Amino acid sequence: MKSLLKQCSPYFLIGLVLTVLFYGTGYNRNWSFWADQELTLGYNGLLINSGLNQEYIDHPGFFSIHLIALLLKVGSLLGLSDINNIMQFNQAPSMFDAMRYLVISARHAALLTTFALISGVYYVSKQIFKSAGIALLVAFLAFVSNGVFYHFTATRTEPIAFLFLMLALYYFVASYQNSSFKKYLVLQLCLICFFCAALNKAQIIVLAPFYFCWATYFIPTTNLIAKETSRNITFAFLAALSYAILLYFYFIQSTGIGFLFNVALVSFFNLLIAGIALKIQRKNAFIAVAIFNACYLLAFLVVELISTQINLGISIFGNIADPMRMLGFLKADPSQIMHPENHFSASASILERVSSLLGFAASPLIETFGRISSSTLLITFIVMTLIYQCKSIAKKEWWFGCFSLASFYIVSLVNKFRYLDAPQYRIFSEFFLFTFALLLIYKMPQRLQKRTLGILIFLTLLANLVPYTHYYNWLIRKGSHPFCQSGLIPVHQRMDAKRIDLECIQPSAEH
């Protein structure tokens, strides 16, 4: 019993810190100035509880919506409100009170997903560092990072997608650590988690190559002196056939540039799997590719089938099957580089366009070094450590460090095609800095590990409180987009728009 309590106590501590911080700050403040995604996800949760399909298919936020639907049911069972479906919502005495409850309920999903994410970081760190104290420091460093802390204060689709992506990478590496038939089941689980990640945030599909390349660093090298198995022509035929079947599958799922992207994605995965088989595992590359392609197609079909059945026969896999459909979201705001009114698109001269393009290319660096954040501190730590320990760093680690820094920049740049200032996407780019920093810390003596992690936590907290107030603004849900002026009302088709419009014209501090 004591042993169980000792094992669970770190998770209780993480939960206690998050709960106190959540309820002790602004979890119920400024809903109408910070309501975009939370209101949309909450509204779709109401639809699910009403026996309807979700309308929101952009991200598509499948797991986030069902989690919020569950929270609304729990709130109803606990007597916190009678609102858990769309009919009850539209019949509420006050639409603003109903929307406030909906947004606050949705915000609790951020608390739960942050707990799951930080607990996961603690668990993995404990396995690596073999110390509960160090693992807790790693977990809290992850929590105070700008990429994760933002999602503690705002319910969005990225954290659950990120959790599934981390599971996919874990199982991807684990599939190479098994020599029995079990490795194929683990690979299948990896790809199912990958498509589950995309089911919550389709953007994962575009970024996937960087994460799977990252994972290859941790795949164990075996049989370096063994001869490669025979390249039987039958296996070569099966590999080519599986590749052709995947391309045909995507041919009927996507068109134009979307199909070309899918060809590039499938080709990347095939080259990666073949490269791992030839250079790392010394196994038959044709067999590896054929099995991977079969598992990939099966995972796609299984996740799509189950999600479609749950969504009452309506598929929400459109942006996953053809990621280039998301290009439409890159032209919705004049601040986006692809918008017709953006300076880049509207520039008449080549010189102006080149200047705009260079400015856009520099935007991740300006964001990182223009204001101190966790990214700035992690890059500074990585560079200083590499310089100080340059003689003891292996060539493979140098390459991995360069790859991590380059991936951070490229992923940040890709995300900026959507928004130049988007703290919600930092979780995807900071991952590369965070994990390489941990690799460097792992090589240190235990006492120095604790000191380094403590300093990084302190500096990250300091940077986000003084001189910048990121934490404070996020915790009080400081927003600048009044709901009544946001254009969101007609987006939610089953809400009583007339009643909402009537309340919007009444004097209120909430709009």
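Q: Which residue lies over the face of Tyr217?
A: Lys396 does, at 4.8 Å from the ring centre. The criterion is that NZ of Lys or CZ of Arg is within 6 Å of the ring centre and within 35 degrees of the ring normal.

Q: Before we go on, where do these values come from?
A: This is a predicted model, where local features need pLDDT of at least 70, side-chain atom pairs count only at pLDDT 80 or more, and totals for chains, interfaces and linings use all residues. Numbering runs from 1 along each chain as its sequence is written, and side-chain values use heavy atoms, leaving out hydrogens and water.

Q: Okay, how many aromatic pairs are there in the whole structure?
A: The search finds 49. Rings of Phe, Tyr and Trp (its six-membered ring) pair if their centres lie within 6.5 Å; planes under 30 degrees apart are stacked, over 60 edge-to-face, and the rest tilted. One of the pairs is Phe143 with Phe152, edge-to-face at 5.3 Å centre to centre and 80° between the planes.

Q: Are those two buried or exposed?
A: Phe143 is buried at 5% relative accessible area, and Phe152 is buried at 1%. Buried means under 20%, exposed over 50%, partly exposed in between (1.4 Å probe, protein chains only).

Q: What about Tyr211 and Phe431?
A: That pair is tilted, 5.5 Å centre to centre with 50° between the planes. Tyr211 is buried at 0%, and Phe431 is buried at 8%.
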